[in-house]
Amino acid sequence: FGRQSLADPHMPKKAKEERLEDMIPCIACLQGCVANMYAGKPLCCLTNPFLGHDAEPLKQAETPKKIMVIGGGVAGLCAAFVAKERGHVVTLYEAGEKLGGNMRLAAYPPGKGDITNMIRSYIHRCQKDGVEIKLNHEVTADFIKEENPDSVILATGSKTLVLPIEGIDNPSIIYGSDLLEGKRAAGKKVLVVGGGMVGCETAAFLGEQNHEVTVIEFRDTVGADVIHEHRVYLMKDFEEYGIGQITGAKVCRFFEDGVEYETADGEHHEARGYDSVVLSMGYRNYNPLEEQVKAIVPDTYVIGDAIRARRALDATKEAYDVASQI
């Protein structure tokens, strides 16, 4: 109830009135509450971007604008409902058939299912506020010219990070995002390349499905970017599923059945004999439209992973800041 009261101070009232769909859920991400509390910083909330702005309520727009939001991940969804609540006319465009972006994929590993509650809450808020949502709609510069919006918010997100390493473009290599989404299937014995949060959770996802998994990571430890409270449980998954670890390893070549890597002492080794190699070295920003759009609509903003792949909390904070100022 402590964290939930940060996510939604009005939760008891909504529950009493049986407005469960209006309740903003705590998804136990701990990004803006526990982490900031330990750091001595003001609290904020991934699911509730209004937390911390209680003394400065949203101001209604003096002149309602026609706003295009491009991208249906959490940054785009958040920007859309905040802008709509200020009185703007907002349309959100998503190139795919589903909303939620990479945040939706993050809900698939063990113990992460609650993340879908946040996505559902954001979608519900957009729908209730009257944001027009258009799926399967790839926005082009010509289309923007036709629509002639007053402002554009680019929230096109990020894509799998593919470093210039020999063999990495082999079509047999599976991207972690494609694996989680069910577009590609892995064999029994799997090598996950990348032992940050993305790679570790992908490994746990595979381990839960009885795959034999090994993670290879450049740093000296896996899950180094995972906050302590979550890493404890992630490491329990590693132990339960018998997930192997190769650390301090710089991957320098990809094969269909594994990789060649270099250790700190300069020696080269091979990890081979795997049925599948999964690439999970993180994400990089995807922002193909910015220059074209700014030439058409000067009042254009870029938010979230479209700037640089980071935490979801950074994306929603930027979405709130931009949408509250247009």
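The tour opens on a pair of helices, α4 and α6, whose crossing is left-handed (the near helix is turned anticlockwise from the far one by less than a right angle; clockwise would be right-handed). The model on the screen is predicted, so local features are reported at pLDDT of at least 70 and side-chain atom pairs only at pLDDT 80 or more, while totals for chains, interfaces and linings use all residues. Residues are numbered from 1 along each chain as its sequence is written, and side-chain values use heavy atoms, without hydrogens or water.

**First stop: α4 and α6**

Select residues 74–85 for helix α4 and residues 115–129 for helix α6; their axes lie 9 Å apart and meet at an angle of about 30 degrees. Helix α4 is therefore roughly parallel to α6 (under 35 degrees; over 145 is roughly antiparallel, 65 to 115 roughly perpendicular, the rest oblique). Now show the side chains in contact (heavy atoms within 4.5 Å): α4 supplies V74, L77, C78, A80, F81, K84 and E85, and α6 supplies M118, Y122, I123, R125, C126 and D129. Sorted by class, this contact holds nine nonpolar, no polar and four charged residues. Here Ala, Val, Leu, Ile, Met, Phe, Trp, Tyr, Cys and Pro are nonpolar, Asp, Glu, Lys and Arg charged, and the others, including Gly, polar. Helices are DSSP runs of H or I with at least four residues, strands are E runs of at least two, and both are numbered from the N terminus. Axes are fitted to C-alpha atoms, for helices over the stretch in contact, and angles between N-to-C directions run from 0 to 180 degrees.

**Second stop: α4 and α12**

The crossing of α4 with α12 is right-handed. Highlight V74, A75, C78, A79, V82 and A83 on α4, then A315, T316, A319, Y320 and A323 on α12, to see the residues that make the contact. They comprise 10 nonpolar, one polar and no charged residues.

Helix α9 passes α10 in a left-handed crossing. On α9, show C200, E201, A203 and A204, which meet L234, D237 and F238 of α10. The contact of α9 with α10 contains five nonpolar, no polar and two charged residues.

On a 1 Å grid over the protein atoms alone, a cavity is a set of points where a 1.4 Å probe fits but cannot get out; a pocket is an open set with protein on both sides within 12 Å along at least five of seven lines, and lining residues have an atom within 4 Å of a point.

Select C26, C29, C33, C45 and L46, which lie nearest the centre of the largest cavity among its 14 lining residues. Its volume is about 100 Å³, and its lining has 11 nonpolar, two polar and one charged residues.

The second largest cavity, of about 40 Å³, is found by selecting T160, G176, S177, V198, T202, L279, S280, M281, G282 and Y283. Helices α8 (176–181) and α9 each give two or more residues to this lining. Four of the lining residues are nonpolar, six polar and none charged.

**Last stop: a pocket**

Finally, select K14, I24, N48, F50 and R125, which lie nearest the centre of the second largest pocket, lined by 22 residues. About 410 Å³ of space lies in this pocket (the space filled by probe spheres set on grid points joined across faces, edges and corners). Helix α6 gives the most to the lining, with five residues. By class, the pocket lining has seven nonpolar, five polar and 10 charged residues.
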